[in-house]
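Work through the following exercises with the sequence and the 3D structure open beside you. Try each task before you read its solution.

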Amino acid sequence: MYRYDDIDREMLADRVAEFRDQCGRRLAGEMTEDQFKPLRLMNGLYLQLHAYMLRIAIPYGSLNAAQLRKLAQVSRTYDRGYGHFTTRTNLQLHWIKLKDAPDILDELAGVGLHAIQTSGNCIRNLTADPHAGATADEVDDPRIWAEAIRQWSTFHPEFSFLPRKFKIAVTASPKDRGAIRVYDIGLRLHRDDEGALNFEVLVGGGLGRLPHLGPVIRERLPVRHLLSYLQAILRVYNRHGRRDNIHKARIKILVASLGATEFARQVEEEWSLTDKEAVDLPATELARIRAGFAPAGFETLPPLSATFESARAADPALARFARRNVLPHKHPGYALVNISLKSIGETPGDCSAEQMDVVADLAERYSMNEARVTYEQNLLLPHVKLDDVPAVHAALVDAGLATANIALISDIIACPGLDYCALANARAIPIAQDIARRFADPALAETVGELKIKISGCINACGHHHVGHIGILGVDKKGEEFYQLSLGGSAEDDAALGQVLGPALSADRVAPAIDQLVEVYLRERREGERFIDTFRRAGLAPFKEAVYAQAH
Amino acid sequence: MKALTANRLTDGEVVFWTGADWSERFIQAAVFEESDVAEGAEAHAKSQFTLVVDPYLIEVAPVGGGLAPVSYRERVRAMGPTNKPDHGKQAVGGDDIAVLAGAHGAARSKGRVDLIRRK
Amino acid sequence: MPRLIRWRDGQAVWAEDPFTDVDDDQPVPQGDVIVSLARFQREGRTLLGEGRNLGVRLAADEAPESLIIDLARLAVVCLAFPKFRDGRAYSAARVLRERMAYTGELRAVGDVVLDLAVPVLRCGFDTVVPADSSSPDQWTAAARRFRHVYQRSADGREPAFAQRAKGEMSEA
């Protein structure tokens with residue numbers, strides 16, 4: 001992993017000093033809330049329903065053991081002993097005091113963590129493929145480029161006050177594990193016929209009130225020009241994006257109103273006038289960043305592990321865990337181990353300080369000191385020897401982290417919703433808990449197979465409901481919580497926006513409706529079809545019939 | 001009927017205006033029958049920007065055994081998150097919390113009709 | 001005379017403003033004046049021919065490229081920040097400095113406060129009319145707070161990657 005040098009460390013120290021000064025001025029009454037709010041937001045500090053919330057950036061979802069232990073310690077010392085991992089691979093602490101915030105940021109800076117640009121109308125924390133460096137289908141490690149963008153976008157003087165927030169995701173595989181089509185900019189690395197690395201550049205995707213899938217505006221961007229091309233995109237947006245209506249200020253609206261072709265033309269024109277050498281990183285700096293992600297000492301191992309094979313044959317729980325949560329690695333004899341934060345009946349994405357410590361220990365001992373956060377609100381150990389999978393599994397069982405439900409119906413994305421969020425219209429967490437309890441039987445969940453449920457407590461869509469196989473959107477009807485279901489969304493290679501099923505349902509009708517949808521799928525499905533495949537073939541009608549028939 | 005709420009500047013805690021001070025408990029909130037009196041209190045609260053953030057008026061209405069905020073959101077603020085009963089004001093318990101918890105039920109049943117009608 | 005903060009040799013200082021800001025419906029007085037883009041496009045040649053210093057103020061939605069022909073003859077360009085959060089003027093400032101090679105005074109006007117010191121100065125502004133009660137000393141301190149920057153901009157500061165390249169050379 002990339003390690004901060006003195007310059008990176010001094011950047012964080014200077015930022016903490018600045019924020020300490022700003023907090024001091026606010027607490028002393030030298031600043032009003034109107035003046036202070038944009039400053040605290042740029043340091044990731046929100047005011048939510050019950051307290052302040054600190055959103056800590058986890059750049060491209062990569063953490064080492066020391067960082068994870070620090071997150072555990074901070075959540076114990078300054079919060080209530082847990083944190084919430086989000087769909088943006090950030091960690092949110094929900095019970096923070098303003099007066100503690102500078103001290104917390106000081107502690108985080110000690111391990112190279114921060115909350116910079118996790119809010120505000122700026123370039124937000126980067127996300128990347130959680131399988132980076134471990135998957136056989138990648139053409140390069142996308143984190144190299146994500147780190148280059150992280151540095152370039154940090155305190156960018158021109159792009160700190162954009163029309164609206166701005167999110168960038170990077171992947172390097174044909175398979176999209178980063179939801180790049182729903183990002184403001186999605187970048188996919190690929191090699192051309194001559195073997196040269198290029199980016200496919202997608203601009204103008206996004207969820208929220210007006211969801212869009214991002215069109216490709218350039219198929220082949222030579223990688224060395226990444227930053228100058230990003231500057232051109234951001235400059236066109238900063239100058240021409242709408243600022244008169246907050247709901248139409250995202251770049252997706254600019255791209256949609258100009259059309260992708262015209263938007264691309266404007267970007268190319270701007271780029272043609274750009275002094276690229278002044279913006280793009282020199283080869284020496286790219287090599288320095290690349291060295292930070294160099295593979296660290298993989299052993300030559302046989303592709304099969306006798307230890308692992310005999311253990312899974314003897315232990316059905318391990319066998320199930322291996323089936324659901326363990327994935328092949330690009331190096332023989334290694335595996336990626338998914339850690340579900342979706343224990344049945346718990347809050348999706350929540351992780352206690354004790355659990356963070358356990359994962360830190362496992363990362364250090366078994367995964368080359370690396371852990372990842374996925375946008376599906378789970379954790380992942382990227383480099384585990386197959387020989388060690390039984391020991392890792394046993395430790396996860398002890399910590400309540402061995403739920404074998406990755407990509408199953410109980411692996412639900414849910415935003416904090418009305419239990420915490422000042423913007424929410426309805427709760428998301430209890431809905432997720434209700435549904436997960438109905439599919440608590442792991443055999444039943446495996447029978448149903450891959451089914452991605454995504455729940456948002458408001459139209460801002462932090463819970464990605466538009467791209468759930470089943471999406472659930474909380475709405476407010478005269479002070480009461482209602483939920484609108486949609487079917488057929490996907491955030492992956494077959495990205496699609498879901499179609500609304502019918503009128504919104506009351507809270508107690510949601511989980512039974514999921515049961516009904518699953519029954520239709522089990523009845524209608526053909527050999528090998530996932531829920532979404534059956535939906536695409538059979539259409540909305542049978543599902544709608546099942547949920548709404550009894551209302552007549 | 002209205003009450004005045006805000007979050008405390010230093011720690012973000014949900015607080016209610018008692019008529020003289022800010023309290024963490026909804027039961028101690030001053031209840032305003034007259035809208036001009038309520039608005040006067042709100043204006044005064046906005047001037048206390050070194051104590052509280054974003055003060056605003058909320059609708060309250062009688063429920064079984066007492067008063068409760070009409071909106072679900074405000075009851076969550078007055079109690080705590082429903083997914084963690086050991087966090088927030090509800091962790092302390094008390095009669096006033098029991099009244100608010102009862103109003104949660106009311107909002108999902110016919111009791112809600114009374115709340116909305118009064119609003 | 002209204003005062004502004006001027007950036008000079010890495011230090012912010014108070015400066016007198018010799019310019020009169022003229023609205024479109026006012027007659028142009030004697031002396032140095034700042035006019036809108038619309039008025040400049042109508043009367044600019046005349047005003048420039050009268051031997052005075054002339055400035056133009058651009059609204060946030062007006063393109064700096066509109067000034068390309070007469071830019072070298074302008075004494076000041078003012079870019080508007082209608083709101084603290086409106087960042088269009090940063091792009092306009094960089095285009096003027098880096099692309100159009102403008103070297104005259106570049107003034108930030110509108111809702112410009114101390115907490116914007118870093119982006120304002122980094123994008124090439126050299127004078128500001130602060131909307132708060134901030135002092136030049138505070139602006140100097142704010143601008144010096146960050147020992148490093150990660151990217152090149154109109155202020156000519158050396159970015160981290162260039163500093164690192166030098167460090168390697170000195171080690172070698």
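This is a predicted model: local features need pLDDT of at least 70, side-chain atom pairs count only at pLDDT 80 or more; totals for chains, interfaces and linings use all residues.

Residues are numbered from 1 along each chain as its sequence is written, chains are lettered from A and ligands numbered from 1 in the order in which they are written, and side-chain values use heavy atoms, with hydrogens and water left out.

**Exercise 1.** Describe how domain 2 of chain A meets domain 3 of chain A.

*Solution.* Begin with the bounds, which come from an automatic or database domain assignment: domain 2 of chain A covers 134–292 and domain 3 covers 306–398. Their C-alpha centres lie 32 Å apart, and each of the two domains gives eight residues to the contact, where contact means heavy atoms within 4.5 Å.

Next, take the area. The two domains bury about 570 Å² between them, with 56% of it on carbon and sulfur atoms; buried area is the accessible area (1.4 Å probe) that two parts lose on being put together, summed over both.

Finally, look at the charges. The rule finds two salt bridges across the interface of domain 2 and domain 3 of chain A, a salt bridge being a side-chain nitrogen of Lys or Arg within 4 Å of a carboxyl oxygen of Asp or Glu. Lys330(A) forms a salt bridge with Glu138(A), and their closest N and O atoms are 3.4 Å apart.

**Exercise 2.** Describe how chain A meets chain B, and find the salt bridge between them.

*Solution.* Start by counting residues: 34 residues of chain A are in contact with 27 residues of chain B. The area buried between chain A and chain B is about 2500 Å², of which 56% comes from carbon and sulfur atoms. Within the area that chain A buries against chain B, Leu49(A), His50(A) and Glu480(A) supply 20%, more than any other three residues.

Then turn to the salt bridge. Between chain A and chain B the count is one, and in a salt bridge the side chain of Lys84(B) meets that of Asp350(A) at 3.1 Å, N to O.

Helix 1 (6–27), strand 5 (91–96), helix 15 (429–438) and strand 19 (480–487) of chain A each supply at least two residues of the side that touches chain B; helices (H or I, at least four residues) and strands (E, at least two) are DSSP runs, numbered from the N terminus. The largest share, three residues, comes from helix 15 of chain A.
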